Amino acid sequence: MNRFYFDHNATTPVSPEVLDVYLPVLMEDYGNASSIHHYGQIAKQKLETARRQTAQLIGCGPREVVFLSGGTEANNLAIFGTKPRHIITTAIEHPSVLNTCAQQGADVTYVPVGSSGLVDPDDIRRAIRPDTGLISVMHVNNEIGTIQPISEIAGLARAAGVLMHSDGVQAAGRIPVNVNELGVDLYSMSAHKMYAPKGTGALYVRKGTPLEPMLYGGRHEQQRRAGTENVAGAAALGAACAMVEWMDGGLRDRLEQGIVDRIPDVTVNGDYRFRSPNTTNLCFDGVEGESLVIALDLRGFAVSTGSACSSGAVEPSHVLIAIGLPAQKAKSSLRFSLGRANTVEQVDGLIEAVCASVAHLRRLSPAYISHV
Amino acid sequence: MSENLLAVAMSGGVDSSVVAGLMHRRGRKIVGLTMQLWNQRRLPEVQSDAATGRCCSLDDVYDARMVAQHIGIPYYVVNFEDRFEEQVVKPFVNEYLAGRTPIPCTLCNNFIKFDEFLEMAEGVGAQQMATGHYAQITQDAVSGRYQMRKSVDTTKDQTYFLFGLKQDQMARTLFPLGGFNKTEVRALAHELGLPTADKGDSQEICFVPNGDYAAFIDAYFKEQGIDTGATRGEIVNQEGRVLGEHAGVHHFTVGQRKGLRLSVPEPLYVISTEPATQRVVVGANDGLLKASFFTHDVNWISIPGIHTPTRAHVRIRNKHIPAPATLTPTPDPQRVNVHFDEPQRAVTPGQGAVFYDGDLVLGGGWIEN
């Protein structure tokens, strides 16, 4: 069976160009970047090249990039490392922000989002207290793709003397990012969302931002992240940053329009305009999303619903609940996230498969009564 | 989409693993599905370290996934936690509080496994579902009616838990193990090289792995913020004399001797629990003998129903040996009187009464208070 991948917000394949950079570092330039000898120097060069490439993608200085193990660690370091007494964040953050805030010991204010999935900067303004130490708002949402007004929020943070973090894991490589224009102090990135391997990420730390390390050991990464550098991973991330191919929303729009035109009672979740060009999240009335994902997988199309728990069973998405969907509608929703290898033919095939599967599931669903 | 896809309900145990392996060997196109029913970490008070008998533990999902991978079939875990709590756990708790002794496995079969789960299997494209139950489904050549029979291995027979199955459910269900005995199933598991071949059988109700139902109910109440002290009451004899006190009616089931903590010379047994007064009535063993009782929500399986008194063998709990009785219809077609030829011990409200004609399962209903 031919298989087609429409779940790039979960992870992406490593691109051949990135692999060409990655493998030689593992096998030939394998030195420890802290070593004095030739091998160490070559590794150090690779690491610093990667740092420049990564910095260039997001418009910062190389010394403001800390390499670490991934988006989760970047978010943890931003939150634990700034030691805030009060944190303002949103209800639709990734668990690596939500659960870290809850663990950190600070007071946390969860700013709601409306049905658009967009944060109202006024809500952030009202939540700021004298002891607020950090505002953390994701740049692009992983489930519905909405792009938050980060620069406006960062402006409020700066005016109040509060540090601003943004989880940019779903943004970097998908939409143009300039940390200075955004005005953030901390910005998280993940390699495996942009065609580089899992296990590498980066945290942008604006020069002068106070940040305590979480790991203690050697003086790596400007004493912000101890541990022998993953040079190959960093090199791959750097290469991915240097070779970003921007997607326009054309294929996503074709998919979304194709489905909405052909299937009744389908709604788009979240804001229609301020969205990552690769993501659409659709609610199919009367359909169990979990069943639809399985039915599509059995037809060769990989899509997703909600976030997977450790056993692999699906739970209703906290993001969709937060934008006001009733639990049943949240459970009837699917995320389609496209990548650079997807083609018009694949999209058209997916539309056909969705039409057939939704029609079959609705025939069996006592809950579904067509509104058309 | 392929025709004739078969969904196998995989628990991670040896029986359902063999079903998947066997049907795959017979050339069926298969999808393996595991239901996530209950979060085993939810009630810390009743966690068990026992290696077996834990449904929905990560270990069991891991095992089921390994088996699916070994056979080479698509496999998914599907979340039924909300539905399981509504349809099985809450009724289980409420039945105990109402002075009855529930059978959650039957509730799960009736309202989850052969209902919403079967529908989900159909939704993903499977026309039929196979499970590892020890029971047999046949079809009457003349009437076309689906009939159920005890499994060949009578020590493993699970028809007692399946009396709620409807014709349309049986039409879509396969019990491939009904014709095997357990040793053959184990041998098949080894022959198929299944990773679960030597895994122990589960013994307890899946969501109460340590078997302490009262502790589970207490823990569930605590989580829900309900005061369990409210179910405390008196232990009385059949004449109404107070003999002691108890910690809640849900600690007792008819026929129980342990846990009464009474200092009386003769052995006493729970005769009944009375939720209205929160009294537990105790008496001598003879007080447990009962010949006649009513069943409600009767479901007929192998026959369409009865209109006149009918002879049958009736089983009143899983390990009970079916005893000869007369079934008498009432004006309510779903209510049947059972009259044993010889009084039986501990006819327990809330349990099922399943009617047999030899190996044939005629139907069954719920024992009334």
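This note goes through the predicted model point by point, beginning with chain A as a whole and ending with single residues.

1. On conventions, residues are numbered from 1 along each chain as its sequence is written, while chains are lettered from A and ligands numbered from 1 in the order in which they are written. Since the model is predicted, local features need pLDDT of at least 70 and side-chain atom pairs count only at pLDDT 80 or more, whereas totals for chains, interfaces and linings use all residues.

2. Chain A contains 13 helices and 14 strands, where helices (H or I, at least four residues) and strands (E, at least two) are DSSP runs numbered from the N terminus. Its C-alpha trace spans about 70 × 50 × 35 Å along the principal axes. A compact globule of 372 residues would have a radius of gyration near 21 Å, and chain A agrees, because its own value is 21 Å; this radius is taken over C-alpha atoms, and the globule rule is 2.2 Å times the number of residues to the power 0.38.

3. Of the 372 residues of chain A, 52% count as buried. A residue is buried if 20 or more other C-beta atoms lie within 10 Å of its own, exposed if 12 or fewer, and partly exposed in between, with C-beta atoms placed from the backbone. Among contacts in chain A between residues at least 6 apart in sequence, 70% join residues at least 24 apart, a contact being a pair of residues whose C-beta atoms, placed from the backbone, lie within 7 Å.

4. Two packed helices are described by the angle between their axes and the distance between the axes. In chain A, helix α3 (residues 71–81) and helix α4 (residues 95–104) pack at an angle of about 35°, and their axes are 9 Å apart; axes are lines fitted to C-alpha atoms, for helices over the stretch in contact, and angles run from 0 to 180 degrees between N-to-C directions. The residues of α3(A) that meet α4(A) include A:Asn75, A:Ile79 and A:Phe80, and those on the α4(A) side include A:Val97 and A:Cys101. By class, this contact has 4 nonpolar, 7 polar and no charged residues, where Ala, Val, Leu, Ile, Met, Phe, Trp, Tyr, Cys and Pro count as nonpolar, Asp, Glu, Lys and Arg as charged, and the others, Gly among them, as polar.

5. Strands of a sheet pair through backbone hydrogen bonds, either parallel or antiparallel, and two strands are said to pair if DSSP finds at least two bridges between them. One open sheet of chain A has 3 strands in the order β9-β10-β14, with antiparallel pairing. Strands β9 (266–268) and β14 (333–337) of chain A are at the edges with a single partner strand each, so one side of each is left without a neighbour in the sheet. Neighbouring strands here are turned by 30° against each other on average, direction ignored.

6. Within that sheet, strand β10 (residues 279–284) of chain A and β14(A) pair over 5 bridges in the antiparallel sense. A:Leu282 stands opposite A:Leu334, and A:Asn281 has A:Arg335 as its bridge partner. Is β14(A) mostly covered or mostly uncovered? It is mostly covered, as 5 of its 5 residues are buried, with A:Ser333, A:Arg335 and A:Ser337 on one side and A:Leu334 and A:Phe336 on the other.

7. In chain B, 4 strands form an open sheet of mixed pairing in the order β9-β8-β11-β10. The edge strands, β9 (242–246) and β10 of chain B, each pair on one side only. Strand β8 (residues 233–237) and strand β11 (residues 279–283) of chain B run parallel and are joined by 3 bridges, with B:Ile235 opposite B:Val280 and B:Asn237 opposite B:Val282. Strand β10 (residues 269–274) of chain B pairs with β11(B) in the antiparallel sense over 5 bridges, and B:Glu274 stands opposite B:Arg279. Their hairpin has 4 residues between the strands, and in it B:Gln278 takes a positive phi near 60°.

8. Some single residues also deserve a look. A:Gln222, in the loop between β8 (201–205) and α8 (231–242) of chain A, has a positive phi of about 55° although it is not a glycine. B:Lys319, in the loop between β13 (310–315) and β14 (323–329) of chain B, counts as exposed because it has 6 C-beta neighbours inside 10 Å. B:Lys319 and B:Tyr160 are 159 residues apart in sequence, and their C-alpha atoms are 9.2 Å apart in space.

Methods. Two residues are in contact if their C-beta atoms, placed from the backbone, lie within 7 Å.
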